[in-house]
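Let's take a walk through this model together, going from one chain boundary to the next. Please keep the viewer open as you read.

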Amino acid sequence: MLRLLTLGMILIVVPVTQAQPASFADAKLVWTLPWDADWVTAVSFVGNDRIAAANKVGDMLVWNLPAAPGDKAPQPAHRLAGHTNEITRLLTTPDQRRLISASLDHSILLWDMKADLTEKASVVVLNERARYEAESRKKKMPAAIEVTVSVQKKSGELIGHKDWVLGLSMTPDGKTLVSGADRVVGPKKEKEGEIIVWDLPAGKEVRRWHTKGWPWGLAVSPDGQTVVASERIPLVFDSGSRSALMLWNAQTGEMKADLSKEIKERMSGAAYSPDGKWLAVCRGGEANGLSGKITLLDPATGKKLRETAPGHLDGATDMAFHPDGKHIFSAGRDTTVKIWQLADGKHVRDLGQGRGGQFKDWICAIAISPDGRRLAAADMAGMVHIWVLSK
Amino acid sequence: MFPTNTTGEHLGRRAFLKGALATAGGMAVANWGGLFNSQTIAQEAARQNKRCILLWANGGASQIDTFDMKPGRPTGGPFRPIQSNVNGIQVCEYLPLMARMTDKLAIIRSMRTQSPDHPDGIYHMHTCYKQNDRMPHPEIGAMIAKYLGNPEADLPSFVRMGSTGNAGSGYLGPRFEPFHIGQDGRLPYFSEPSVTPQVQERRTDLLNFMEREHAREHRAEAFESHRLAEQRALRLMRARQVFNTNEEWPRARDRYGNSTFGRGCFMARKLIEAGVPFVEVGQENYDSHADNFTVHKANMDVLDPAWSGLLQDLQERNLLANTLVVWMGEVGRTPYINNRAGRDHFIRAWTIVLAGGGVRGGQAYGSTDRDGREVVDNPVTEGDLFATIYTALGINPRVRHYVGARPIWATPEGSRPVRALLS
Amino acid sequence: MPGPRIFSLSVLMLVSSLTHAGDKPLRQVIDAEIKAGWQKEKVAPAARSSDSVFLRRVYLDLVGVIPSYDETTTFLKDADSQKRQKVIDKLLADPRYGPQQAHYWDLVLFGRRPQNIFDTRKHDSFTKWMAGEFVKNEPYDRIVKKMLSAEEEGSEMFYVQYRNAPEEAATAVARVFLGTQLQCARCHDHPFEHWTQKDFFGMAGFFVRLVVTDNGGPEGKRKFKIGEKSTGDVLFAASVKDLKPGQKGDPVKPKFLGGAELKEPEIPKGFKEPPLKGGVAPPKPSFSRKEKLAEWVVAKENPYFAKALANRIWSQFMGRGFVHPVDDLGSEQKVPSHPALLKAIAERLIEHKFDLKLAIREIVNSDAYQIGDTGPATEAMPTMYERARVRPLSVEELMPSLRVATAYDPAWMKNTGDYSEYFMRYFGEPNDGQGHFQGSLSEHLFLNNAPMIRQFAQPRKGNLADTLVTMKAPWEEKVERMFLSVLSRTPTAVERERFVKHLSGDAKIAPQLVEEAIWVLLSCSEFRFNR
């Protein structure tokens with residue numbers, strides 16, 4: 001009976017989705033922005049026409065994107081200087097005014113994107129790694145591709161974490177920010193992670209609690225009430241190994257639900273849809289075969305609704321809901337971005353292809369512009385890809 | 001100067017019957033003179049005190065992420081160095097407890113070895129010979145068991161926790177085979193008595209009767225070897241409570257860390273104290289071809305309290321001066337970070353750490369270039385390392401055995417102990 | 001180079017002594033020489049073995065298992081003065097003789113850890129082939145020739161061990177068939193012997209062209225073929241250090257050990273190697289080095305071959321070779337303990353065309369073989385053979401012996417699990433690399449606690465324990481049966497008394513007490529060894 005009903009619902013839904021224009025059939029890679037100093041690990045749009053990207057050594061660059069897709073690839077315009085280690089997450093506030101960055105240097109920095117950005121000039125070498133590799137292999141060194149950029153400093157900092165900050169999530173109203181960090185403590189205590197809820201406009205810590213494992217995938221529900229966190233401690237044959245997925249009450253820091261029985265694999269990412277209807281988690285880390293799958297959960301109960309297939313070879317890294325409310329995008333360790341239909345989990349298409357070889361570079365992170373027309377992908381190989389999703 | 005209450009506990013009955021030798025410190029050292037007619041009692045007693053614990057980083061730990069850091073270099077990775085308690089030596093930020101014990105450590109940063117993969121590397125770094133040498137070389141544990149072991153002890157001379165070696169006792173024979181226990185003290189198959197103590201006693205009496213009768217006219221050593229092995233098995237079954245750490249562990253856990261490996265290190269300390277000359281504790285998980293940094297961070301979180309706790313514990317019990325603690329795996333890991341955030345196997349320039357008995361602590365020996373790709377000075381081979389370890393333990397590194405007609409040495413020709421590492 | 005000259009001399013001596021060989025049966029030559037040794041070294045020999053000791057020894061040596069209760073009692077009761085000779089003839093004709101000899105040679109040729117282990121760990125086809133050769137009493141020289149030609153089905157496995165390892169093949173062939181240790185000459189001219197690196201690599205040249213093709217199949221039943229290319233040479237450099245990058249050394253011509261270089265035709269210009277494929281017989285080479293080697297190894301003129309076999313076969317039955325270790329005859333430093341006897345046996349082997357059964361029959365019929373097992377000597381293998389050698393039962397002997405001793409039905413194993421892997425692990429290599437027995441802890445933990453051992457000792461319908469529990473007889477009789485079944489002998493008066501005391505201790509637990517008593521006999525060192 002129940003099954004029939006569900007089936008009926010899908011039958012009703014299908015014509016509606018078909019009516020949607022967004023099959024992303026025309027999606028196109030328009031620019032690839034080179035920056036090979038180290039892996040590009042995070043991206044975020046600032047408005048629809050600016051893209052901020054960050055890398056493994058803690059550097060951040062901002063590009064102003066041309067209006068027309070056919071235009072020449074832009075050069076970076078600004079450098080945001082302040083981090084000293086890998087930047088793991090980048091978020092832009094809904095007013096597009098501030099950029100928030102989380103890093104392995106234990107810090108969360110705030111950047112004023114409306115500030116006067118002509119403080120200081122600095123030279124960025126966009127092919128630094130290629131030159132290093134050539135030098136260390138005693139090959140002919142390519143000429144440096146140098147760009148002069150203005151340098152900006154942080155406008156603020158959220159102080160609270162003492163170890164790698166891997167998770168960062170914000171409510172759509174920009175009021176609540178949640179961050180998660182590994183917290184390696186001495187032998188007398190359990191190994192723990194730490195989650196902090198921030199009042200973002202006030203820049204103040206509201207709540208903090210500990211998790212047994214290191215938080216990896218982290219997201220706050222749009223209403224700011226629930227925090228989902230996946231945990232890991234990647235050991236084998238040791239009692240200290242852990243993987244878990246929990247729902248937490250963001251107000252009290254109490255555990256609401258332990259989903260670890262249903263979701264046994266380690267999840268590298270978590271995201272709520274802006275309308276709060278969906279909770280998505282993705283499987284990360286290397287697992288066998290096509291296992292970097294996206295799992296859609298009921299945000300209220302945590303029940304598994306569906307899993308997407310095929311997954312990302314060797315694991316998924318990041319997810320982004322499309323503003324159309326009907327699609328979710330995922331990136332993985334297979335150099336592809338995959339588009340999925342939320343209603344039925346259908347695989348819509350891939351952006352990009354596996355790069356060849358047994359092990360591919362990763363797309364470390366993706367971001368979609370507020371108007372839903374552009375997608376940026378942070379490529380481990382030292383590039384930022386800009387796709388136009390629709391005209 | 002001598003540890004008290006250390007080796008006495010699990011000496012065999014016969015050893016006690018043969019008399020004990022009192023030392024200045026008041027410790028009872030068994031009188032091996034009756035067993036080793038060729039050696040003086042004093043020499044034996046001195047030798048019997050030497051012990052070795054091998055902490056095995058299975059899969060191969062990354063030197064750049066632990067003891068040979070390259071901050072700011074493209075090969076450096078995300079970990080940051082911290083100052084140790086020895087001037088000029090920095091270690092990884094995730095080894096804060098070991099940083100406070102660096103004055104005990106001899107860090108060899110210039111290992112250059114020959115076997116790049118796991119089976120061959122595990123073999124090579126356990127025997128100091130190449131696997132394809134096709135000789136049944138014994139592992140370091142077997143060699144140490146042979147030269148430092150007490151044949152009369154209740155406990156085996158070579159105890160291993162984890163599945164980390166692949167050569168066994170080789171040409172030294174089954175007497176020196178590794179005795180595998182779980183890090184929680186789980187004993188190997190067939191160690192738990194299958195019959196009641198009453199039955200065991202009754203049938204042992206009858207067996208002893210048969211052996212005595214047989215021994216009247218049958219004097220071949222082989223029979224004696226068989227009888228002794230039976231006695232060892234029985235003694236071990238009786239002494240098996242040593243392996244049970246359930247009661248002590250909750251207290252020790254604070255020091256060693258709440259991990260399987262930490263528990264193994266605690267067990268190693270206990271066994272060393274009970275007179276076992278060689279204990280190997282394996283830590284899994286190092287083979288990080290992917291996600292090297294999270295894996296190493298997790299591993300160090302386990303390693304740091306376990307290893308430092310062990311050294312501290314040994315020191316407090318006056319055992320460290322006579323116990324050599326070796327930390328190594330079969331390979332190091334590449335300076336190059338691959339596109340799986342991993343580091344692959346690397347044998348050109350990697351790190352092994354010695355501590356305690358016989359080595360001079362507080363030093364980093366040898367060095368690598370700024371990116372960690374090559375050894376810059378004082379390269380150390382497998383043979384050199386083993387010669388150093390054997391020398392520190394008072395074992396002749398060129399001791400010779402025979403396999404059939406073929407002579408074979410404890411370390412390959414050309415191996416030299418690194419004098420600078422020895423105290 | 002004194003080597004070859006000495007050897008040609010010894011060949012001459014062999015030939016000259018052939019004229020008056022065969023005057024006396026070999027067993028008498030053996031006994032005369034061994035006795036002379038005792039007198040010379042002033043060694044007091046043990047008395048002749050008891051019938052029980054002899055029977056168990058000869059069963060284990062010839063058919064690889066202890067005699068059953070019935071076989072033992074029949075033999076002990078037999079009043080025939082020729083009964084030892086008769087039982088030897090019976091066992092030499094026993095179907096278990098072939099497999100037992102194959103098992104012995106399997107340990108010689110492969111050991112427990114054969115080379116190229118993934119291909120060779122299981123090599124049942126080879127063992128079966130060997131057993132067949134022994135069953136039909138194929139002359140040894142022909143067996144070896146077949147093994148080195150590797151063309152007969154089943155015979156290929158010897159070379160599979162040395163896949164892509166011609167130097168290892170050279171070492172093995174020299175060691176096993178010629179009793180000569182070459183390996184030291186691999187890295188440098190031999191420090192003590194006359195072998196040079198040229199000798200070593202000259203021998204390796206015979207194997208460098210071998211190609212092992214894998215024709216698939218499950219492990220243990222995989223089919224391999226040994227092909228041979230028409231080109232390829234061993235490259236040799238006096239010192240690796242002197243080599244420039246990319247340089248590999250100079251080709252070395254095959255050279256018979258201590259003999260001449262192989263004469264071989266030039267390879268035709270423009271010759272191309274035919275492709276080698278799995279599944280099809282490899283094509284014949286234009287000229288086969290392997291064939292020439294096989295012919296040379298077994299040739300009557302080969303000074304090493306017969307001597308190596310004589311020493312080997314002697315050590316198989318007598319414990320220690322005249323030269324020890326058994327495969328070190330090439331050493332100029334080693335003087336045989338009984339040179340004349342070694343020579344005599346080698347001569348007889350040649351004279352009788354390497355008839356193994358004949359030689360074995362002579363050895364086990366000798367008084368030397370049938371000597372007692374008691375005495376003051378502590379060596380497992382006394383140098384002057386003044387007491388019987390003591391050797392542990394191999395796993396392959398121990399398993400069936402446990403069954404025979406306890407009248408165990410192998411069908412029971414189906415329900416109780418197969419412990420053979422543990423058995424191999426714990427009993428497989430009980431020595432220190434020098435052939436000295438070493439009891440292991442795990443062996444005894446297994447004996448004490450493995451359910452499998454209990455199964456042998458516990459009463460089960462029709463087995464020894466069951467028979468003892470159910471049979472209506474005085475305990476004395478039961479103890480006697482127990483001893484005859486397990487140890488192939490009757491108990492001494494003291495033993496009888498002690499066992500009766502044990503068994504009659506508590507009638508309520510009689511089956512338990514029987515189990516304990518049988519366990520004791522299975523676990524004691526008397527059972528563990530062939531003596």
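Which side chains meet in a salt bridge at 2.6 Å, N to O? They are those of B:D291 and A:R333. Do keep in mind that you are looking at a predicted model. This pair sits at a boundary where the rule finds four salt bridges between chain B and chain A.

Now widen the view to the whole boundary of these two chains. On one side, 39 residues of chain B take part in the contact, and they touch 37 residues of chain A. Some 19 residue pairs are in polar contact between chain B and chain A, counting pairs with both residues at pLDDT 80 or more. If you colour chain B by its helices, the elements giving two or more residues to this side are α8 (249-256), α9 (260-273) and α10 (292-316). The largest share is that of α10(B), with nine residues. Sorted by class, the side of chain B that touches chain A holds 15 nonpolar, 10 polar and 14 charged residues.

How much area is buried here? The size of an interface is often given as the accessible area lost when the parts come together. For chain B and chain A that area is about 3,000 Å², with 51% of it on carbon and sulfur atoms.

Next, turn to where chain B meets chain C. Here 53 residues of chain B are in contact with 67 residues of chain C. Between them they bury about 4,900 Å², and carbon and sulfur atoms give 62% of this area. The count of salt bridges between chain B and chain C is one. You can find it by selecting C:E516 and B:R202, whose closest N and O atoms are 2.5 Å apart. The class count for the side of chain B that touches chain C is 28 nonpolar, 10 polar and 15 charged residues.

Let C:E516 lead you into chain C itself. This glutamate is among the residues of α26(C) that meet α25(C).

Conventions: Residues numbered from 1 in each chain as written. Chains lettered and ligands numbered in written order. Predicted model: local features only at pLDDT ≥ 70, side-chain atom pairs only at ≥ 80, totals over all residues. Heavy atoms only, no water. Contact = heavy atoms within 4.5 Å. Buried area = accessible area lost by both parts, 1.4 Å probe. Polar contact = N/O pair within 3.5 Å; in protein donor to acceptor, adjacent residues only side chain to side chain. Helix = DSSP H or I, 4+ residues; strand = E, 2+ residues; numbered from the N terminus. Nonpolar A, V, L, I, M, F, W, Y, C, P; charged D, E, K, R; others polar.
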